[in-house]
Structures are given as C-alpha cells and as structure tokens.
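Let's walk through this structure together, one region at a time. Keep the viewer open as you read.

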Amino acid sequence: MTKIKGKVWKYGDDINTDVIFPGKYTYTVTDFNEMAKHALEDLDPNFSKEVKRGDVIVAGYNFGCGSSREQAASCLVSAGVGAVIAKSFSRIFFRNAINWGLPVITNSQIQDLVKKGDEIEVDLEEGKIYLKGKEFTFPPLRDEVKEILDAGGLINYLKKKLKEGK
Amino acid sequence: MGKTFAEKILAKKSGKSEVRVGEIVTVEPDFVMSHDNSAAISKIFESIGVKKVVCPQKIVIILDHCAPPANEKYANNHKTIREFVKKNGIKNFYEINTGICHQVLPEKGFAYPGALILGSDSHTTTYGAFGAFSTGIGRSEAAAIWATGKLWLRVPETFKFEISGKFQEGITSKDLILKIIGDIGADGAIYKAVEFTGETVENMSLSERMVFSNMAVEMGAKIGYMKPDEKVFKFLENRCVNKDYEVVFSDEDAEYEKIFKIDVSDLTPKVAAPHTVDNVKDVSEVKGTKINQALLGTCTNGRIEDLRLAAKILKGKRISKDVRLLVFPASMEIYKKAMKEGLFEIFLDSGAIIMNPNCGPCLGAHEGVLGDGEVCISTANRNFKGRMGNKNSFIYLGSPATVVASAIKGEITDPREFF
Ligand code: SF4
C-alpha cells in the first residue's frame, strides 16, 4: 500500500498515548474492533464515529508521547487511519507505528495549511504529500524500517522471514 | 574522535567494531522486561508461529501494574501470564508480592553497568542510573525478542547535561528533573541518548539518580545514562546476576550533539501542573491550590529515601482531613525496610494509608482512582489527562517533600516551610 488517500484530522502538539488510547482500557479492551471505538476518545469524541478508512491524522510536535502502549498505534490502525503526519514523533510511538504497519511521516510544512476535513494524498514510495494542488516532500524511511512497514508490521515481517527460513 | 556510551554499547551488542549515529543495528539485548502486558505479548508471540521462547533466561516478567488484580479481567490476565511462564520455563518471574518492575530489576541485580535492557514499558530508561543502556519498546517488539532474541535499534545522538552545585534543604532531584523537562520541553530530547554528569549527580544517592533516568523519557529521551561509580558497584555486590559485567563509559572526547550546563544552588521546588509533564511551575505560582488526594510512591519516587524524607516531614503531624494520602512503597524490600525503621507508624499516625507495593493508581487501573473535578498531587512521572483513571481530574507532579507538605496543609505547599 504505497498510496493513501483520505480526509485530514488535525490536532496539535504533544498528543499523548493516554488521550489516544486511555490507560484504563489497556488490560480490559483487547478486541481490535472494540479498540477502534476508543481511539482518541479523551481528545476528540467524534473521531472514532466519523473516521473513514484512509484518513490521515496531521499533528504537531511529539505525537504519541507518553506510554509505550502499542494500542496507541494499533487502535489507529483498527480505526482505519492511513497515515499520521506530524512535526515530530515520540520515539516509542514511532516504533510501534512501524511495527503495526502504520506509516508515520515527519513533515512540518503542511500543518498551517490544512484544516479538518481537507482532502489529502500521500505517496509513500515517492515520499510525497499532495494537498490543495500543492506537493510536499518528506524523507523516505530507511530500508530496514521500510521492509517492516511493507510487510504490514513487525509480526508479519517475522512470519515472512520464518517462512523463508531466515 | 571518541565515542559516546550509546555508540559503544550498541556496537558491542550488535557485534560491530564501530557504529555511527543514525545507523540501524540489530542487537541482542541482555534482558527483555515486561509486566502485566506479558499476556498480550504472549498472544502476539504465539501468533508468530514459534513454539517456545528462544531465550527464557533473558526474559524478566514482573506482575505489578494491577496487583492484586482489581477484577476478573485483570485476574485472567495474570493467570494467562503464569501459565505462559510455566510452559516456557521462564525463571525470572516475579509475583504480585515483589514490587514495581523498575524497582525490581535493579533490586534483583539485572540492571548493571554495560547491560542492554529493553522493556515493554516506557520508563525502562530507569536503569541508566546503573550505567545500563535501557529503553522502552512496544509489545510486538517484546514478542519479537522472545521469538528471535533480537531487535533493531537506531544509534542515537547524545545530549549531555552537566550539573553542578548543592541542593538547598527540602529540594530534591525531582525538582531538578522537572525544571529540566519544563525548560527543554516534552519533546526536547526525542530519540536522543541523554547523559547526566557533574558533581551534583555524583553526590546523589542511587534513588535520586533513578528519578532522573526514570523521567528522561518524559523529555523524549531514548536512554538516561549516568556514569556508574562506587555507589553502583557496591549496591550490586550481592545482587548482580552477572558477576563479570563490563563497565562502559563515554570517551572523554566523545561527540555530543548538545551540552547543557545547570547549577542547582538556587533551585526552588517545582511541580508539573495539569495536563503535561513539561507544564512546570514554581510551587510559589500554584501555592494554595486545594488538593483531594496525595500519592507517595511509584517507580519514580517510592524508594526508601523518599519515604524517609516524607516521614521526616510528617512526624508528629496530621494530614488535612480533606485529603487522602496513599503511600505505595515501590517494592517489598522497601516496604520491609520502611516497616523496620518505624516509618509506617509515622505514616499511619498522620492519617495516611499504606498500600501494597505496585503501580497503584499511577495509570488509573485501581486503588485510588480520582473522582470528577478532584485534584491529586503525586510523586509519579506523568500527569496526562485521564492518567489516573478519570479525564475530569487534575494531577500535579512534585517531589515527595512537596507531596506530603501539601497533604498536611490540604493545598499545594512549599515543603521548605517544614524544614
Ligand atoms: S509506577 Fe506508574 S510509571 Fe511506574 S511502571 Fe507503574 S504505571 Fe508505569
């Protein structure tokens, strides 16, 4: 999946893992579909009701800061989010996203231009974002990391490797 | 050009003679830590299709996040973990009567200089205080290590903090780390290895140092390393699981991306105000804010030195009748020590409640969840909205001294009033 197309959900800086997926659910809500319903619950109660497959989250600095909880990435995947574009990502969230096959793109040029609901398109292969007739670039991911993303996450990647006998 | 601690250790653990910043390396960690999330990890692990974990001796599991369990879901979660541990012959397993993971790993001798520890918990950075390279990973990554013994890591740039001066009475390392996070921001050190050096750090107890490494992740850091010294070696003497550990230091001429210099001589008490850790204020700015609950404990400040400091302030005093003060020693070892030293009597006489060692309400799972509109002052490391189980509540973070001083007065208070 190299092209992602959808609508923008716009948020600010320091969106932390507790508002993406509340800690109180980490041991009690484990069903993938159920998790999607709680995505961003404490930040934007409308999100999980209205998000469509392929939508893109655009945020500021330090997206996903806080806990190591992987559900912060996987609940977005299960909600259908196609990619997250942020000025910067917290380290563990970045890893978790890759490991769940969720493209995470670092870009600081588009935040002031977009608003909620805008159409956006991302081409992962080309490293390009298309928005309002304009084109923005982002640095492509490193090969080692891209391989995991392409396989659909770390676990799928490992399964593939095991099958190949590596 | 010399090498930083991070560069040296990642080269060593990936079997290379040298690595460069930005490079992706595959490492074999010495230990992989997980807690109540081990049940979820075991499910991911089983989905990979490997029958048994490849490295049972490297796996450390502690039940601490909701211990004893609050309801049947948590209970079944623990049950799944116990069964998995048995089936896979995992020896380093610690039951609900041991303590919080980040206290238990050092106590049981896993956190030693030069160790590479990955944990599926963000505060795994804590072991940097012992000269280890330790950082948080996700659940899938923990499962991947269980299945293969390996994981990819990026070689980070390094920031150095040179800290000098002596703390005034009533000021602790918590006030300092809060100040630093407030100054550089929650994203000030994303992806960076952070080293804390200088005379102030050298003079700190291990407990005080652990506060730094623990909270390094709150400014985004990958690790929070301190040069191990006699205090560390002595602590490990009868505990360390690896008697032949090799200490790794940064070279004198290592290249740092940034160097920060800080003098603590006139540092004043700090708190992080709701709802972010970098929303740091001087206690004087929020003094008088009414509180409903005070929490002394967690992997940040639930150690014996913290309890002693709190007891010193509480001795012979009562907490406000409008406040609940919950005390969670970070481990059973600390619990027993505190009991023997007579600290429990001081706590109980003051009106506090002593809980069993575990994470408690730190992550909002049980034991002290807040009501709507309530305010808590806590020694923990995070005050995000909803963190303590209720998004309509407010959390301030402060030192053990600030927390108990505030519990006595029923409002946020400068602890220096009690010295
Ligand atoms: S005490 Fe709090 S921060 Fe520490 S491990 Fe437990 S939940 Fe995490």
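Chain B is split by its domain assignment into domain 1 (5–14 + 24–242 + 256–262) and domain 2 (271–418), with bounds that come from an automatic or database domain assignment. This is a predicted model, in which local features need pLDDT of at least 70 and side-chain atom pairs count only at pLDDT 80 or more, while totals for chains, interfaces and linings use all residues. Residues are numbered from 1 along each chain as its sequence is written, chains are lettered from A and ligands numbered from 1 in the order in which they are written, and side-chain values use heavy atoms, leaving out hydrogens and water.

Taken over C-alpha atoms, the centres of domain 1 and domain 2 of chain B are 23 Å apart. Their contact (heavy atoms within 4.5 Å) takes 39 residues from domain 1 of chain B and 38 residues from domain 2 of chain B.

A cavity here is a set of points, on a 1 Å grid over the protein atoms alone, where a 1.4 Å probe fits but cannot get out; lining residues have an atom within 4 Å of a point. Grid points are joined across faces, edges and corners, and a volume is the space filled by probe spheres set on the points. The whole structure holds 3 cavities of 30 Å³ or more.

Where does the largest cavity lie? Domain 1 and domain 2 of chain B both give residues to its lining, so the largest cavity lies between them. It holds about 290 Å³ of space. Its lining has 24 residues, and B:His35, B:His65, B:Asp121, B:Leu363 and B:Arg387 lie nearest the centre. By type, the lining divides into 7 nonpolar, 12 polar and 5 charged residues; Ala, Val, Leu, Ile, Met, Phe, Trp, Tyr, Cys and Pro count as nonpolar, Asp, Glu, Lys and Arg as charged, and the others, Gly among them, as polar.

The second largest cavity has a volume of about 90 Å³. Its lining includes A:Cys65, A:Arg91, B:Val217 and B:Lys222, and divides into 5 nonpolar, 5 polar and 2 charged residues.

Finally, turn to chain A, where an open sheet of 7 strands runs in the order S4-S3-S2-S1-S5-S6-S7 with mixed pairing. Strands (E, at least two residues) are DSSP runs, numbered from the N terminus, and two of them pair if DSSP finds at least two bridges between them. Strand S4 (104–106) and strand S7 (134–137) of chain A are the edge strands, each pairing on one side only. Strand S6 (residues 128–131) of chain A pairs with S7(A) in the antiparallel sense over 4 bridges. Within this region, A:Leu131 has A:Lys134 in S7(A) as its bridge partner.

Methods:
1 Å grid on protein atoms, 1.4 Å probe; cavity = no way out; pocket = protein on both sides within 12 Å on 5 of 7 lines; lining within 4 Å.
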